[in-house]
Amino acid sequence: MALFFLCVALLIAGYFTYGVLVERIFGIQPHRPTPAVRLADGVDYIEMSPTKLFLVQLLNIAGLGPIFGPILGALYGPSALLWIVLGSIFAGAVHDYFSGMLSLRYDGKSVPDVVGQELGPVFKQFMRLFSIVLLLLVGVVFVLGPAKLLGNLSGLAVSLWVALIFSYYFLATILPIDKIIGRIYPLFGAVLLFMAFGLTAALWFKGYPIYPELTLANLHPKELPLWPLMFITIACGALSGFHATQSPLMARCMGNERYGRPVFYGAMIGEGIVALIWATLGMSFYNGSSALNAALASGGPATVVNEISTTLLGPFGGLLAIIGVIILPITSGDTAFRSARLIIADFCRLPQQAIRPRLLLSVPLFAVGFAISLGKFDIIWRYFGWANQTLATIVLWASAAWLLKRARCHWIATVPATFMTAVTTSYLAYDQIGFGLSLPLASGIGITIAIGSLLLFFNRIGQANSRSTDLEAEEIA
C-alpha cells in the first residue's frame, strides 16, 4: 500500500507545483469580469461559490470512467498506477484547465467553438458533430452502468432503472442548473467521499497487498500489450475528452479567474485519486490479473464493484459504497445531455432562457440516446473510449495553439497532444472497432501521424508569433 499512498502524494504535489506553473503560463486576470457576471441569465450563466463549483465539476467529470476504466486497467498491473499519476498531472489536468479557462475567456462557449477559435472552422464543424456523438455515448454508458448496479441491488428489472435514470436526466437537462444540479451535488459529494475513503481504509486495515509489486519485471503482464490499449482503457482518471464538454458548464458559473486552478485542475486531481483507489482495489482484492479477469468475465465491472464493496465494508457499508459508485455516472450522464443541448443551441443560435426551445432540443436527443442504449454495453464502451481520447487530443492541440499564438510555453500542451495523437491513431488502426491491423504496423502508422501533426503544428509558428503582441493587448483590454 506504500505505492498507493506515494501515488496519492504525487498527485497532490502535482497540484501545488505543476498546477501553479500551468496557471502562471496561462496568465489569469482576477479583475477581468467573467461570463457569469456579464451574461447572467438565470439558467446556465449563474454565479456559484468556489466550493460548489469544485464539487459540481468533480461530480460532472467523475462518471463510470474513473471506476470501470481503472478496474479494467488493473489487468495491466502497476503500470496502470503510473499512467494515472503521470497522465493526470501532465495531460488530464492541463487539458481540463485549458478547456475550462478558454471557455471562460470566450464567454462560456462550448468546446467546438473554443477549438474552432484556435484551429479553424473545419475543426469547429467537425467538433460539433464529434462532441454530440461522444456526449450521447457518455449519456448512454452512464445510464446502463448504474442501471445494472441498481438492478443487482434491488432485484428489479434493469430496463425499469434505465427508464427512471433517463427521466431524471431529462429533468436535469431542461431545468436551470441551480435547481437540481447545484443543490443535490454537494450531498452526493459526501457519499462519494465515504466511498473513496471507506474502501481505502478497509483495504489498508485488512492488509491487502498490491499484486504484483512495482518492478521493471512486473510493470505489466507480458501477454497483454500495454501500447496503445492501456491509454484508451484508462481514460477518465488520467485524461478524458469528456471533461472538455463539462468544463464550460462551470466556466459559465465562475465568478473569478483565480478559481480556475482549484476547480478545473484540482477536480481532475481529485478524479485521479478516485481512479487510483479502484485500480488498487482491482489489483489487491483479486491478487493478480488472472483472478480479476475471471471476475470480469463472469459479470463485468459492475459485478467487481459489488463484490469488492460488500466484502470490504459489509452489507451496509458496501451498500453506501455502491451508492457512491452509482452516483458518479448519474451525475455525469445528466450533464452530458445538458452539454449536448448547449452545443446544439450555440450552433443554432437558439436562446435557452425559455422552456420551449430547451424541450425542442432535448426530446430528440433523448430519443437518439435511448436507441443507442439498446446496443451491447461492451461495444459502446470501446467506441466511447476511443472517441473520448480523440476529443482530448484535439482539445490539447487547440490549447497548444492558443499558447503558441501568444508566444507562451506551448510545450505543456504540445507534448501530451503529440503523445495522444500517436495513441488514438494506433488504437484505431489496431483494434477491431477500427482497421484490425497488426500491432507493429498500427504503431508505425500512429507514430508517423503524430510526428506529421507536430510538424504541421510548428508550421504555424511564424504567423502565430507575429500576432502575439496584438493578442496580448486584446486580452489586457
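This is a predicted model: local features need pLDDT of at least 70, side-chain atom pairs count only at pLDDT 80 or more; totals for chains, interfaces and linings use all residues.
Residues are numbered from 1 along each chain as its sequence is written, and side-chain values use heavy atoms, leaving out hydrogens and water.

**The chain as a whole**
- You will find 19 helices and zero strands in the chain; these are DSSP runs numbered from the N terminus (helices H or I, at least four residues; strands E, at least two).
- Of the 477 residues in the chain, 61% are buried.
- The chain has an accessible surface of about 18,000 Å², and carbon and sulfur atoms account for 69% of that surface; the areas come from the Shrake-Rupley method with a 1.4 Å probe, and for residues only the protein chains shown count as cover.

**Cysteines**
- The count of disulfides (pairs of cysteine sulfur atoms within 2.5 Å) is zero.
- Cys253 counts as buried, because its relative accessibility is 0%.

**A look at Asn388**
- Asn388 sits in helix H16, which spans residues 377-405.
- With a relative accessibility of 0%, Asn388 is buried.
- Beyond its neighbours within four places in sequence, Asn388 is in contact (heavy atoms within 4.5 Å) with Leu134, Ala235, Cys236, Leu239, Ser240, Gly241 and Phe242.

Note on methods
Buried means under 20% relative accessible area, exposed over 50%, partly exposed in between (1.4 Å probe, protein chains only).
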